[in-house]
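Visitor: I am new to this structure. Could you walk me through how to read it?

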There are 4 protein chains.
Amino acid sequence: MKETTIYVLERPELRDPVFIEGLPGIGLVGKLAAEHLIQELNAVKFAELYSPHFMHQVLIKKGSVVELMKNEFYYWKNPDENGRDVIIITGDQQVAPTDSPGHYEVVGKMLDFVSKFGVREIITMGGYQVPELQGEPRVLAAVTHEDLVGRYQEKLKDCQVEVIWREDEGGAIVGAAGLLLGMGKLRSMYGISLLGESLGYIVDAKSAKSVLLAVTKVLGLEIDMTALEERARETEEILRKVQEMQRAMLEQQMPPSTQEEEDRGYL
Amino acid sequence: MKETTIYVLERPELRDPVFIEGLPGIGLVGKLAAEHLIQELNAVKFAELYSPHFMHQVLIKKGSVVELMKNEFYYWKNPDENGRDVIIITGDQQVAPTDSPGHYEVVGKMLDFVSKFGVREIITMGGYQVPELQGEPRVLAAVTHEDLVGRYQEKLKDCQVEVIWREDEGGAIVGAAGLLLGMGKLRSMYGISLLGESLGYIVDAKSAKSVLLAVTKVLGLEIDMTALEERARETEEILRKVQEMQRAMLEQQMPPSTQEEEDRGYL
Amino acid sequence: MKETTIYVLERPELRDPVFIEGLPGIGLVGKLAAEHLIQELNAVKFAELYSPHFMHQVLIKKGSVVELMKNEFYYWKNPDENGRDVIIITGDQQVAPTDSPGHYEVVGKMLDFVSKFGVREIITMGGYQVPELQGEPRVLAAVTHEDLVGRYQEKLKDCQVEVIWREDEGGAIVGAAGLLLGMGKLRSMYGISLLGESLGYIVDAKSAKSVLLAVTKVLGLEIDMTALEERARETEEILRKVQEMQRAMLEQQMPPSTQEEEDRGYL
Amino acid sequence: MKETTIYVLERPELRDPVFIEGLPGIGLVGKLAAEHLIQELNAVKFAELYSPHFMHQVLIKKGSVVELMKNEFYYWKNPDENGRDVIIITGDQQVAPTDSPGHYEVVGKMLDFVSKFGVREIITMGGYQVPELQGEPRVLAAVTHEDLVGRYQEKLKDCQVEVIWREDEGGAIVGAAGLLLGMGKLRSMYGISLLGESLGYIVDAKSAKSVLLAVTKVLGLEIDMTALEERARETEEILRKVQEMQRAMLEQQMPPSTQEEEDRGYL
């Protein structure tokens, strides 16, 4: 595998679809939000993205089955005749923080792919790390073009969560949540980044809920949030088990450094 | 050398060959197992794989001869007319853990190559690091497709070693032992990973023996294990000598960092 | 985005243009100097350079708008009929110090691009870190060809700042300020590097002023320096705010290492 | 510059030339030996090798002139009608130890290039780090093919320096000194590595002398060694000056990490 490759399972006809990203990041906020959205909308997987820039390993899944690290595209057809369809991407991981060209390659491939389905608007979801939280996590917003602020503000009116427009000039949005907007802009796409405040080191269902409240408001949809905290608890459970396993291993002396480890926990 | 290259010494005709991987990793389990299998089956080397993603050095071999870092393919023709032939890969090293694209490239080339000989089934061997061992090392199994569990269980019936089906969802198999299965699956290949429990920081003949008991059971073969511990002792001896040499060197002040070292011990 | 790409906004006709580089580096000297020059000359942006070797993030700009990391080309048309025009490059960042091939690619693309506008001469600006300063920062000069020393000395006669010709054989000029000259030389271009002494860890308006005094002398121009210190103060203010934000975050426990951070401060 | 490139200044006709490598490494042994050989033979530079895998900087040379990092090819025509000509490579640096693919690329280009001049035999020179020295540094030898040991032993008979045939199986030769032989072997070239014992952290003229005694014996040449120690002293002087400069700088607080340093000492 020389470069990032997308395996297409189905080629749906979509109506002016909005592309929504929720990949692993701070507090797993984006990933949790995307998975919940997929579940509640009953969205259908239609493509898988593999990349030599992902970790060189397979993950153990249910039934002792192994699978290559991947990202997954889902679509949802809006039953409302005048509504827009949705494409959602989530997955096992993002490219490593030390591999910038890998990030650009993967995000470029994502944009190539979704533009074939007519995507013009992108919403990216994720966490924004803060030292402390006061009340419900707020959502920080930034857009690709200045005139969008008003348009999105209109849609976010009466949103149950406080949405803050970012004024931290010189601040950054790292990874797919940022690059999809930045690189999309160069292709005449537009969109918004919605990041939920998070302490960052937990599986943050509350932050994901805030983000989803804003995203669904933008989309003009309503979804049930009750299963979200349960999902977060399960994710946390898995992470804790894996980390305990890793800690036990690390207490042993390390193997010689030129040996490649065949098996080690993930996350 | 711009990319991973395979030098073919011979082009054998093989009958539905099973591809078996045993490269350096935890406890050198996979490499030891592969070398023992090659020795006992009298398998024949027929190809060498070189890669710019391997360490930029040559190794000193017998007779003061130098050789580039490499992996090697061996074949074994099953004397049983109804039996299947075997391809085994082992070698000096795997790509460095920090170079994911290198891993994907090398494993992709391996799969390109063996598929020319009709390979559909892959068995990967290696170690699985555990903090402590109780009795003989067990073997952990995972497969490419859910319906294979039953099929392999059938073959592993009455195996002299305990085989555990992995249930550590979210766990991983890192390196060639994982990627061969994950990437092979994308090419309609199938197979099993058999990892022996190991404390990880020794040359682990016991773990290699456990893995070989399971692998030969799957293959329907029997091989003599007596030489295995001797081989492990020799390997350990070489490693100790090299490490002593390195320690002696490191006690000296380090050379200026922009100087490339012409000579340093391996492993 | 597979490689460094330049988006051209306008294709000006330029008269024997001098190419001037001022990208982020020690004390932000080069970037400050370039931005001041652009402001005072009322230079016009005509191209943007994007690279997969830049950090995989977007920056927050005014109005909650995000933009990909980039470098920018400006041109200035000399109103003097016998004068030469100018192309200036500045930007958000340079390629990371650990990515040498990225540096060579980006600088190669810059040279490809400006050579289309007839550039033969290059002036690179930056800082030169010193442990202490005595009086006004001096400017250190080095050239692509030995016979240029005399030619530039002639132009720099009566310069208000002391220009030192470098004699530190074995010393280096790292990054675009060096590579533009070194790689330009291989394409029959020529030029000079002018680096202002700087303590290096501040936004160094004084050093930028020294460099600009030398550069404008070489160009035969005069510009007003009064706004320079104000600009430096503003830059410092932004940097301080971002760094405080970062410090607050870092005091929290770090998130799991395989999670990509969606949001972190820049600089 | 996308890949390693060789600029050819002259295309000499050479008679069965031996290719001799002496690039920076342990104790600068190989580089010192190569430079002395070039000087004493009055060898002529005929090509320069540039690579995006070299450090992204220019070096300051005499007369305040900057030059890109490079390696250089020299040739020497043997006045003896029956003698063989020589190609020597030396240079500013080797690819960084963390960039294996870069090493393979650069060495591959070297071999492509010298094979056009009919090179079949390669001699690589360098240092071999030892914790302590007893008497004159010995030279460690290894070859590409087993049957060469006898042939070179014959040539090395009566050599003034002790040549040891390496028996440290599993040991390695890192960098160009190793790769040229390993990769050359795959192209039907052959040769020998001659490494002088060295404490490694000085500019080691004694070790270089030992290596040159062996190399000239193999070549059937004699050269004057008197200037070698003087050359080593000069090199050491330059290194010390640069290092002092660096130490002074490092005592200052470090600049923000995302700033690329424009100027820092070399070595």
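Guide: Start with contact: it means heavy atoms within 4.5 Å. By that test, no contact joins chain B and chain C. Their closest C-alpha atoms lie 13 Å apart. Chain A and chain D have no contact either, and their closest C-alpha atoms lie 13 Å apart.

Visitor: What should I know about the model itself?

Guide: This is a predicted model, where local features need pLDDT of at least 70, side-chain atom pairs count only at pLDDT 80 or more, and totals for chains, interfaces and linings use all residues. Residues are numbered from 1 along each chain as its sequence is written, chains are lettered from A and ligands numbered from 1 in the order in which they are written, and side-chain values use heavy atoms, leaving out hydrogens and water.

Visitor: At what angle do helix α1 and helix α5 of chain D pack?

Guide: Helices (H or I, at least four residues) and strands (E, at least two) are DSSP runs, numbered from the N terminus. Axes are lines fitted to C-alpha atoms, for helices over the stretch in contact, and angles run from 0 to 180 degrees between N-to-C directions. In chain D, α1 (residues 29-41) and α5 (residues 205-219) pack at about 60 degrees, with axes 8 Å apart. That makes α1(D) oblique to α5(D). Angles under 35 degrees count as roughly parallel, over 145 as roughly antiparallel, 65 to 115 as roughly perpendicular and the rest as oblique.

Visitor: Which residues of α1(D) and α5(D) meet?

Guide: From α1(D) come D:V29, D:L32, D:A33, D:H36 and D:L37. They meet D:A205, D:S207, D:A208, D:V211, D:L212 and D:T216 in α5(D).

Visitor: Is A:I88 buried or exposed?

Guide: Buried means under 20% relative accessible area, exposed over 50%, partly exposed in between (1.4 Å probe, protein chains only). A:I88 is buried, at 0%. A:I88 sits in strand β7 (residues 86-91) of chain A. Beyond neighbours within four places in sequence, A:I88 contacts several residues, including A:I20, A:L37, A:F73 and A:Y74.

Visitor: What does B:S100 touch?

Guide: Not counting residues up to four places away in sequence, B:S100 touches A:P52, A:F54, A:M55 and A:H56. B:S100 lies in helix α2 (residues 100-115) of chain B. B:S100 counts as buried, at 11% relative accessibility.

Visitor: How many disulfides are there over all chains?

Guide: A disulfide is a pair of cysteine sulfur atoms within 2.5 Å. A search of the whole structure finds zero. As for cysteines, A:C159 counts as buried at 14% relative accessibility, and B:C159 counts as buried at 15%.
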